[in-house]
Amino acid sequence: MQFCGVTAAIIMGAVAERGRLLPAMVFVFVWATIVYCPLACWVWNVNGWAMNYGVLDYAGGGPVEIGSGFSALAYSMVLGRRQERMMLNFRPHNVSLILLGTVFLWFGWLGFNGGSAFGANLRATMACWNTNLTAAFGAISWVLLDWRLARKWSMVGWCSGTISGLVAATPASGFITPWASVILGIVTGIVCNYSTKGKLCLSCPN
């Protein structure tokens, strides 16, 4: 239920400034029943088709990250674009709070990934270590790419790279080695950085 609640909270980002609370609450209940539960069953149940095919998902890359991402995209497309007057100055208004939120999120993610080992054991330790490595190198690659393209970097870019690394570490942190976490973080930071620019070309709703 905790994972389901986190996934629903991610989707609610699509509702901000363009949707109403009561319909969103109804949507979350229906979505959790007919979308999240089957996804979780496919990946984590011993009889799930994904698990039987050998899919490895340590802490929810499929049901949580991919499920929430595509669901939020679909929800935002149904709701439509935000009003133009809200988009005129659509910039981070307090970078200090963004940094503070990212730090809290990073700390909580260690419990999210480390706790998926269901015990104080070596797998939990490796999951936390790999999570830190992927997040750190995701942030580094993001800001270095920003510097190469625009000759400047920002704390918002660092936070974006960190979160992209944390997301990438979620399904893999309990299975991969530390050197693979470094590669995963670098690739994730680069891919996600370019994806934010490609979103503008595709005219996706913000």
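**View 1. Order of the secondary structure elements.** Along the sequence of this predicted model, the protein runs α-α-α-α-α-α-α-α-α. It holds nine helices and zero strands, where helices (H or I, at least four residues) and strands (E, at least two) are DSSP runs numbered from the N terminus. Its radius of gyration, 18 Å, is close to the 17 Å of the globule rule for 206 residues, so the protein is as compact as a globular protein of that length. That radius is taken over C-alpha atoms, and the rule is 2.2 Å times the number of residues to the power 0.38. The C-alpha trace spans about 50 × 45 × 30 Å along its principal axes.

**View 2. Cysteine residues.** A disulfide requires a pair of cysteine sulfur atoms within 2.5 Å, and the count is zero. Cys-41 is in no disulfide, the nearest cysteine sulfur being that of Cys-37, 8.9 Å away. Cys-41 has 35% relative accessibility and counts as partly exposed; Cys-192, at 27%, is also partly exposed. Buried means under 20% relative accessible area, exposed over 50%, and partly exposed in between (1.4 Å probe, protein chains only).

**View 3. Packing.** Buried residues account for 36% of the 206 residues. Of the contacts (heavy atoms within 4.5 Å) between residues at least 6 apart in sequence, 72% join residues at least 24 apart.

**Notes.** Residues are numbered from 1 along each chain as its sequence is written, and side-chain values use heavy atoms, without hydrogens and water. Local features need pLDDT of at least 70 and side-chain atom pairs count only at pLDDT 80 or more, whereas totals for chains, interfaces and linings use all residues.
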